[in-house]
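This report examines selected features of one protein chain.

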Amino acid sequence: MAINRAFIFLGPPGAGKGTQAKRIAKLCGVPHLSTGDMMRDAVSRGTDLGKVVGPIMQRGELVSDELVMKMIEERLAQPDCAAGCLFDGFPRTLPQSEGLDRILESKGFGKPVVVDLSVGEEKLLRRLTGRRTCGVGGEIYNVYDAPPKVDGICDNDGGKLVQRADDTAEVVKQRLAAYDRATKPLTEYYRRQGVLHVVDASASMDEVSRALGEIVKRAEGRNGHL
Ligand code: AP5
């Protein structure tokens, strides 16, 4: 069922945005739009965009609002986004939030449903350094908390699991600092609009999915479907 609404997952690096966005987007039947994934794809294909954003991501800094908004506008113009989408890792700055508000209004969408996935720093470090991602289908694992059945191999498609280049302790520090400086203030921006939900994302993956499912269900005024 189409939902004609945008969902936004906020939260620090390693909070579980990508893990949960895959599940919830599937549940809602909307595309999962991860600006990080889009940029990593551009880097691996060696496009002009990839050549610009690769070094910035490698330093753990934020890519410019101008580039991010251009990428998002192009993606949202595709037909699969007509009825809604789930943003993961976007918006990340106040100008991105304001830009997205304008786009959503022009598309006739309602107010977004925004969820802040909240987790303490100690857990984030464990999650990020333990993360492994399938190089084929993008499935996310964790060597500590969600390992594959066979070490280094994706359960779904047999792809090789790789560690992200920006998951080193040094780069993670920069990413967390960028989050505190530029992205954390967005929770207040959305709280003032009355659209913010906060979920304790330090709980197990299934518990977090359940909490998110409830929020989505309430937002859509539906029961039993999700
Ligand atoms: P991006 O790819 O968006 O990375 P991020 O925000 O730093 O978030 P992560 O992908 O690291 O974490 P996540 O919350 O998705 O966690 P995950 O589900 O994987 O951005 C990367 C870079 O791109 C940025 O630094 C920037 O340079 C650039 N960029 C992207 N978007 C931008 C924008 N809008 N503006 C400017 N620049 C932008 O989970 C992490 C691990 O934890 C996994 O191993 C998982 O298995 C495990 N895990 C998840 N949930 C649980 C749980 N409940 N219990 C136990 N383990 C769990």
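In this predicted model, helix α6 lies across strands β5 and β6, and the helix runs at about 40° to β5. The account begins with the sheet to which these strands belong and then returns to the helix.

**The sheet**

The sheet is open and has three strands in the order β6-β5-β7, with antiparallel pairing. Strands β6 and β7 (161-162) stand at the edges; each has a single partner strand, so one side of each is left without a neighbour in the sheet. In general, the strands of a sheet pair through backbone hydrogen bonds, in either a parallel or an antiparallel manner. Here, β5 (residues 131-134) pairs with β6 in the antiparallel sense over three bridges.

**Isoleucine 140**

Isoleucine 140 belongs to strand β6, which covers residues 140-142. The bridge partner of isoleucine 140 is threonine 133.

Which residues does isoleucine 140 touch, leaving aside its neighbours within four places in sequence? They are Gly18, Thr19, Lys22, Arg131 and Arg132. Glycine 18 is 122 residues apart from isoleucine 140 along the chain, yet their C-alpha atoms are separated by 8.0 Å.

**The packing of two helices**

Helix α6 (residues 121-130) also packs with helix α7 (residues 169-183), at an angle of about 135° and with the axes 11 Å apart. Angles over 145 degrees would count as roughly antiparallel and those from 65 to 115 as roughly perpendicular; α6 and α7 are therefore oblique to each other. Their crossing is right-handed. The table lists the residues that make the contact.

| Helix | Residues in the contact |
|---|---|
| α6 | Glu121, Leu124, Leu125, Leu128 |
| α7 | Val172, Arg175, Leu176 |

The residues of this contact between α6 and α7 comprise five nonpolar and two charged ones, with no polar residue.

**A cis peptide bond**

One further feature concerns the backbone. Most peptide bonds are trans. Phenylalanine 90 and proline 91, however, are joined by a cis peptide bond, with omega about -5°. Proline 91 is located in the loop between β3 (84-88) and α5 (94-106).

Key:
Residues numbered from 1 in each chain as written. Predicted model: local features only at pLDDT ≥ 70, side-chain atom pairs only at ≥ 80, totals over all residues. Heavy atoms only, no water. Helix = DSSP H or I, 4+ residues; strand = E, 2+ residues; numbered from the N terminus. Contact = heavy atoms within 4.5 Å. Axes fitted to C-alpha atoms, helices over the stretch in contact; angles between N-to-C directions. Parallel < 35°, antiparallel > 145°, perpendicular 65-115°, else oblique. Left-handed = near helix turned anticlockwise from the far one by under 90°. Nonpolar A, V, L, I, M, F, W, Y, C, P; charged D, E, K, R; others polar. Pairing = 2+ DSSP bridges.
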